[in-house]
Amino acid sequence: MRNDLQRAPGPGDIVRAGLCIGCGACAGLAAPGQAEMGFDEDGLLRPRADPDWMASGPPGFTSICPFSPRAADEDRIAAREFPRAPRHAASVGRYESAWVGHAAEGDFRLRGSSGGLVSWVACELLDKGLVDAVVHVVPCEQPRQEGRFFAYRISRSVGEVREGAQSRYHPIELSEVLRVIAREPGGYAVVGIPCFIKAVQLLRRNDPVYRERIVHTLGLFCGHMKSAAFTESLAVQIGVPIDQVQAVEYRHKAEGRPANWYSTRMRLQDGSPRTGDWWHMADGDWGAGFFMAPACNFCDDVVAETADVSFGDAWVEPHSSDWRGTNVMLVRSPVIGGLVERALAEGRLALEEVDDRYVADTQAAGLRQRREGLAWRLARRRGLVPRKRVPPDAAAPDPARRRIYAMRQAISRWSHRMFRIARASGRPWIYLRWARASAALYHALAYHRGRLGRLVAWIESR
Ligand SMILES: Cc1cc2nc3c(=O)[nH]c(=O)nc-3n(C[C@H](O)[C@H](O)[C@H](O)COP(=O)(O)OP(=O)(O)OC[C@H]3O[C@@H](n4cnc5c(N)ncnc54)[C@H](O)[C@@H]3O)c2cc1C
Ligand code: SF4
């Protein structure tokens, strides 16, 4: 990071620079009552504390914040954690083996968002006594009182772990569970998106207690993190007031419906379900970047390169069309590799071995955004410029791709503002009209869709 400060950055500097992902690692290390995590006006989680603490953070802050300029990068962390992993690719980092498939045992697959492998591995670790608890994300029982729909929880039984199945596109943070891990001895497995797993690995590098107790890390591939306003927007478009929503299932599976046609189901307080197709939502195209956390613009890890094992969706045919869901999985730890190969031989998993090129193909759009797109954004960045593994390069993508990256960044930035304006004025249509127009322009640029798209294609062909 090009650092214009005369001192090492603290949490306040990371927040002001738009680089805080709200992981809660800093607040988790604060003395009791000194700092907490809370939502900002855009529905993103941020550390909150007095100005002195925000200027410096807890001891060692610059080594544990995943977006700190002084923290080890993903390559260094992976080299230390997985020194014997025999394979390496710039797209997915180090790995021992790569797989495509799903859990064959029980109903893990149908209950999971994808092929159910995350919950299966977490349960297997507990069942084989390799960990005492799994740290993962579950629905909050009282979302209105708790002010959020999901939170990290420490689950100690297979039943509890299975309650956490499914992906949550909603801000969550680690501060509370990190305090419990520091207090309560035992072996823990932590599930998280790449930047959260990076924060956990940085904590493990810096603190022997976390190193000893967090014995496994399970990473989720990540396109980006959304603000809480995304869920609010889905509720508006499904036609329910957000304060009547009791539970959210972002990816409701339905027989015969392709896995990549997302449908969200909300359960209201009276128990009735309401469902909405992302296809019909103004902001339902994930690639357009609506409500993306600003820090995600400066991330270069799509596949949780620092996790013992990481999981994504197999977004290639025939798997994208299979409504039951299919994972890709990268194994980096020999212990997890052993569990997987034994279960495969016993028929408890249905997997085929693949390589990094296969996995990279399933994440082609995410990798473009976080490689050539990131190089372009870094070259344009002013103020605090994070140091990434991707070097800045203003000329990298061609003009058409530059327009797409610029449009995506503008949609991300303006979606927060427009939703805030719409909410404050009680006129959701202000946001929705803007979102539909923005999505149409994005689709014209990215896919040459519609009349505008044909015009863009014609101009680009000149
Ligand atoms: C914000 C986000 C973005 C993602 N982007 C992509 C992407 O671009 N490409 C891709 O291939 N896959 C992406 N994934 C991963 C994908 O959605 C699935 O989670 C993954 O394939 C595992 O599916 P599964 O059926 O094996 O997991 P399941 O068996 O359904 O288990 C999921 C586990 O993850 C935990 N969990 C859910 N949400 C979160 C969260 N926000 N933070 C931490 N833990 C959580 C649950 O508690 C549960 O333990 C993303 C996930 C998230 C949360
Ligand atoms: S990214 Fe995490 S550790 Fe860094 S300032 Fe934000 S909450 Fe704290």
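Biologist: How many residues surround ligand 1?

Modeller: This is a predicted model, where local features need pLDDT of at least 70, side-chain atom pairs count only at pLDDT 80 or more, and totals for chains, interfaces and linings use all residues. Residues are numbered from 1 along each chain as its sequence is written, and chains are lettered from A and ligands numbered from 1 in the order in which they are written. Closest to ligand 1 are Gly-112, Ser-114, Gly-164, Gly-223 and Gly-312. Near means a C-beta atom, placed from the backbone, within 6 Å, and the residues around ligand 1 number 35.

Biologist: Which element gives the largest share of that shell around ligand 1?

Modeller: Elements are DSSP runs numbered from the N terminus: helices (H or I, at least four residues) and strands (E, at least two). Those giving two or more residues to the shell are α7, β6, β8 and β13. The largest share, 4 residues, comes from α7.

Biologist: Which are the edge strands of the open sheet?

Modeller: Its 8 strands run β7-β6-β8-β9-β13-β14-β5-β15, with mixed pairing (at least two DSSP bridges between two strands). An edge strand pairs on one side only, and here that gives β7 (150-155) and β15 (349-354).

Biologist: In β13, what is the bridge partner of Leu-220?

Modeller: Strands β9 (residues 214-220) and β13 (residues 309-313) run parallel, joined by 3 bridges. Leu-220 has as its partner in β13 the residue Phe-311.
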